[in-house]
Amino acid sequence: MKIDNAVELVKEKLPEKRFIHSMNVAKTAVKLAEIYDGDAQKAEIAGVLHDYCKYDDLGTMYQIVTQNGLDSDLLSYGSEILHGPVAAVIMNKEYGINDEEVLLAIKNHTTGRAQMTKTEKLVFIADYIEPGRQTPGVEEIRDLAYNQGSLDKTIYEISKRTVLHLISKDINVYDATIACLNYYNYSDERIKDD
Ligand SMILES: [Fe+2]
Ligand SMILES: [Fe+2]
């Protein structure tokens, strides 16, 4: 799929605010790709498409999980966790996107996971730091991403904040998020930057 078609697709489907967010994520992912020697084209298209299913019907999303053999644990979560994995399926099956890195970046943009590819990392971080985000402490994360030279440290700090936030609200934490947190914990000497 060409980038213009991806933009058009998202523009038609998502409310304006979410469309602007999607474009911001794409731009931010490209900026990070330039800093970290990533693939800007893959980062851009994954950024544009990552929230394509954000507001899809939950029942339909559960069906997609079941019919496509996705992790059955997803059925215990809501659209916040499902919209990434479901969008990756839709982009592959309905729109013919075959690039594994792009699909993984869409799939895992909310939760992260252990051993992410470069494109996954770029989109995961871009989703958190795009200029429209005003989460408390986001400036620290922007500084880490843009000035401190480590995608992995940035991922760890995002995961840590996300997990702490979820726990403070008594919201269950999806397994991949915990795996991501542990894998990118740079205080643990097993972790190597890559
Ligand atoms: Fe999302
Ligand atoms: Fe997003």
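1. Start with a salt bridge. The side chains of Arg113 and Glu120 meet in one, at 2.6 Å from N to O. A salt bridge here is a side-chain nitrogen of Lys or Arg within 4 Å of a carboxyl oxygen of Asp or Glu. Arg113 is partly exposed, at 24% relative accessibility. Glu120 is buried, at 1%. The cut-offs are these: buried is under 20% relative accessible area, exposed is over 50%, and partly exposed is in between (1.4 Å probe, protein chains only).

2. Know what you are looking at. This is a predicted model, in which local features need pLDDT of at least 70, side-chain atom pairs count only at pLDDT 80 or more, and totals for chains, interfaces and linings use all residues; side-chain values use heavy atoms, with hydrogens and water left out. Residues are numbered from 1 along each chain as its sequence is written, while chains are lettered from A and ligands numbered from 1 in the order in which they are written.

3. Now the overall fold. The protein has 10 helices and zero strands. Helices (H or I, at least four residues) and strands (E, at least two) are DSSP runs, numbered from the N terminus. The radius of gyration is 16 Å, close to the 16 Å that the globule rule gives for 194 residues, so the protein is as compact as a globular protein of that length. That radius is taken over C-alpha atoms, and the globule rule is 2.2 Å times the number of residues to the power 0.38. The C-alpha atoms fill a box of roughly 40 × 35 × 30 Å along the principal axes.

4. Buried residues make up 48% of the 194 residues. Take the contacts with a separation of 6 or more: residues 24 or more positions apart account for 61% of them. Contact means heavy atoms within 4.5 Å. The accessible surface comes to about 9,900 Å², and 47% of it belongs to carbon and sulfur atoms. These areas come from the Shrake-Rupley method with a 1.4 Å probe; for residues, only the protein chains shown count as cover.

5. Which residues coordinate the iron ion (ligand 2)? They are His21 (NE2), His50 (NE2), Asp51 (OD) and Asp127 (OD), at 2.2 to 2.3 Å. Donors are N, O and S atoms within 2.8 Å of the metal (3.2 Å for Na, K and Ca); water is not among the atoms, so sites may look incomplete. Along the sequence the donor residues are spaced H-x28-H-D-x75-D. The pair His21 and Asp51 links distant parts of the chain, 30 residues apart. His21 sits in helix H2 (residues 16-35), and Asp51 in the loop between helix H3 (40-49) and helix H4 (58-67). His21 is buried, at 5% relative accessibility.

6. Check the geometry of that site. The angles among the four donor atoms of the iron ion (ligand 2) run from 82 to 173°, and the site is irregular. Four donors count as tetrahedral if all angles lie between 85 and 135 degrees; four count as square planar and six as octahedral if opposite donors are over 155 degrees apart and all others between 65 and 115; anything else is irregular.

7. The iron ion (ligand 1) is coordinated by Asp51 (OD), His83 (NE2) and His109 (NE2), at 2.0 to 2.1 Å. Their spacing is D-x31-H-x25-H. The two iron ions are 3.4 Å apart, and Asp51 coordinates both. His83 lies in helix H5 (residues 79-93), and His109 in the loop between helix H6 (100-107) and helix H7 (118-129), 26 residues apart. Both His83 and His109 are buried.

8. Asp51 has another partner. Its side chain meets that of Arg18 in a salt bridge of 2.8 Å, N to O. Arg18 lies in helix H2 and Asp51 in the loop between H3 and H4, so the pair ties together parts that are 33 residues apart in sequence. Arg18 is buried at 15%, and Asp51 is buried at 1%.

9. The structure holds 11 salt bridges. Glu140, Glu157, Lys160 and Arg161 are linked in a network of them. Within it, Glu157 and Lys160 have their closest N and O atoms 3.4 Å apart. Both residues are in helix H9 (residues 151-168), three residues apart, separated by about one helical turn.

10. Finally, two backbone angles deserve a look. Most residues other than glycine have a negative phi. Asp37 has a positive phi of about 55° although it is not a glycine. Asp37 lies in the loop between H2 and H3 and is exposed, at 69%. Gln115 also has a positive phi of about 55°. Gln115 is found in the loop between H6 and H7 and is exposed, at 56%.
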